[in-house]
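This report covers strand pairing, chain contacts and model confidence. The sequence and structure come first.

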Amino acid sequence: MKFGITRKTNNSMPELRSFRNDVNRLFDDFFNLRTAGLFDSEWLPALDVYDDEKNFYIKADVAGIDEKNLDVTINGNVLTLSGKKVEEKKDEGKNYIFSERRAGSFSRSLTLPSGFKQKSIKGELKNGVLTVTIEKDKTVKDEKIKIDVH
Amino acid sequence: MYTYNIFNDMIKLRTIFDDFFDQKPGYEASREFPPVQIKEADDRITIKALVPGISTENIDIQLVDDSLVISGVKKDDYENHPYIRKERLFGEFKKTIRLPYRVKHDEIKADLANGVLTINLSKSEDAKPKKIDIN
Amino acid sequence: MMTEANSKNITENRRVFQTPLADIYETDDIYSVKLEMPGVTKENLNVIIDDDELKITAESSIEENESDLKYADFYPKNFSRTFRVGNDIDRNKIDAKLDNGILTLTLQKSEEIKPKKITVNQVN
């Protein structure tokens, strides 16, 4: 467990700031992803993460993947997108001038800020884009509660 | 005069204090568990010992000559689950408190509440302060 | 998740604070915190959860009168300790029991932390 001084975050939009930091970190620390090994993923879908008043949104480019090969799970605050792009059989007869498209499995995880409703998370796959929608939880969580001692 | 210290099984010579008029012979207790406080009034001695989580059947109090012996066992309430922190100490304990006064052996009262053991001892008649008339 | 947090309490009393010893273990369903606080009664004990901090403060009921004190291994002090708790506990379901100087806090883990799979709806 961590010791030491714990800084209280500035209360103006703490969640969104830490969320943005998490996403930025995902892009910066490319080799330090919190997921089960970057080296397990043969490719990574590009992500867009944004929000509005009501929800958080995560859009991932997953063209060529069927819903049955896609997994979205929520574990506490961590949202994990994973899946498998099935490799197309390379035609014997065709002459490949350029072969850039990759196949294989991927996994990306994001830590969501704490103000969200877990039961509201929805995933939609359309035109090769997976959109995960997470409803924000506006209820004030930081009320003081006095606990009765018996 | 000899004092018998139960812990070491050694006989310890009790020294006579030089400044007889300034200092009464003091109390002595080992540094070990439980921590105690000793208060003294004209007619009694009150000892408080901190024994959180120990029940009466695991505490033994005895008067041995003019020493009070508090002994027993603090049982480990260990549960078979992963511990994030384990700071509390457990085990058998024995503490001897050497009393500078004689006390009435048949007038000891002990109470246990909120993890504090309170022992009240009555001083023997000859230990109480008395006014002496001067002719 | 449970970690230590620095107490930001300002002493309202002349007495200094002491930190009660803690044993903390976890199961699939709960966190259990046992604190040693000899001399503390229910009336002098305060347990609150404020945002992500679980704060325990208490006054000792042992009298401070020093005039007849002849020997002391301890001096009565007030108790204070603060823990940082994560999202994985249900803040409304914290149980606190005081028995013979031991405070036992039982924190229920919330349903929400168990992993869940989200259904992906394929539109085309």
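## Strand pairing and contacts between chains

In chain B, strand β10 (residues 103-113) and β11(B) run antiparallel and are joined by 7 bridges. The model is a predicted one. Within this pair, Lys109(B) has Asn120(B) in β11(B) as its bridge partner. The two strands make up a hairpin, with 2 residues between β10(B) and β11(B). In the turn, Asn114(B) has a positive phi of about 55°.

Strand β11 (residues 116-123) of chain B also pairs with strand β5 (residues 44-50) of chain B, in the antiparallel sense and over 7 bridges. Here the bridge partner of Lys48(B) is Thr118(B) in β11(B).

Chain A contributes another antiparallel pair: strand β3 (residues 70-75) of chain A is joined by 6 bridges to strand β4 (residues 78-85) of chain A. Asn75(A) stands opposite Val78(A) in β4(A). Both strands belong to an open sheet of 4 strands, in the order β5(A)-β4(A)-β3(A)-β11(C), with antiparallel pairing. The edge strands are β5 (104-111) of chain A and β11 (116-118) of chain C, each of which pairs on one side only. From one strand to the next, the twist averages 20°.

Lys39(B) has Leu69(C) in β7(C) as its bridge partner.

| Strand pair | Sense | Bridges |
|---|---|---|
| β3(A) and β4(A) | antiparallel | 6 bridges |

Contacts between chain C and chain B involve 26 residues of chain C and 26 residues of chain B. On the side of chain C that touches chain B, the elements giving two or more residues are β3 (22-26) and β7 (69-72) of chain C. The largest share of that side, 5 residues, comes from β3(C). By class, the side of chain C that touches chain B has 14 nonpolar, 6 polar and 6 charged residues.

Chain C itself has 0 helices and 12 strands. Of its 124 residues, 31% count as buried. Among the contacts in chain C with a separation of 6 or more, 57% are between residues 24 or more positions apart.

Confidence in chain C is lowest in strand β1 (residues 2-4), at a mean of 70, and highest in strand β4 (residues 30-36) of chain C, at 96. Over residues 7-14 of chain C the pLDDT is below 50, and this stretch has 7 contacts in the model beyond near neighbours in sequence. Where pLDDT is low, the predicted coordinates should not be read in detail. For the complex, the predictor gives an ipTM of 0.80 and a pTM of 0.61.

Conventions. Residues are numbered from 1 along each chain as its sequence is written. Chains are lettered from A and ligands numbered from 1 in the order in which they are written. This is a predicted model: local features need pLDDT of at least 70, side-chain atom pairs count only at pLDDT 80 or more; totals for chains, interfaces and linings use all residues. A residue is buried if 20 or more other C-beta atoms lie within 10 Å of its own, exposed if 12 or fewer, and partly exposed in between; C-beta atoms are placed from the backbone. Two residues are in contact if their C-beta atoms, placed from the backbone, lie within 7 Å. pLDDT is the predictor's confidence in each residue, from 0 to 100. Two strands pair if DSSP finds at least two bridges between them. Ala, Val, Leu, Ile, Met, Phe, Trp, Tyr, Cys and Pro count as nonpolar, Asp, Glu, Lys and Arg as charged, and the others, Gly among them, as polar. Axes are lines fitted to C-alpha atoms, for helices over the stretch in contact, and angles run from 0 to 180 degrees between N-to-C directions.
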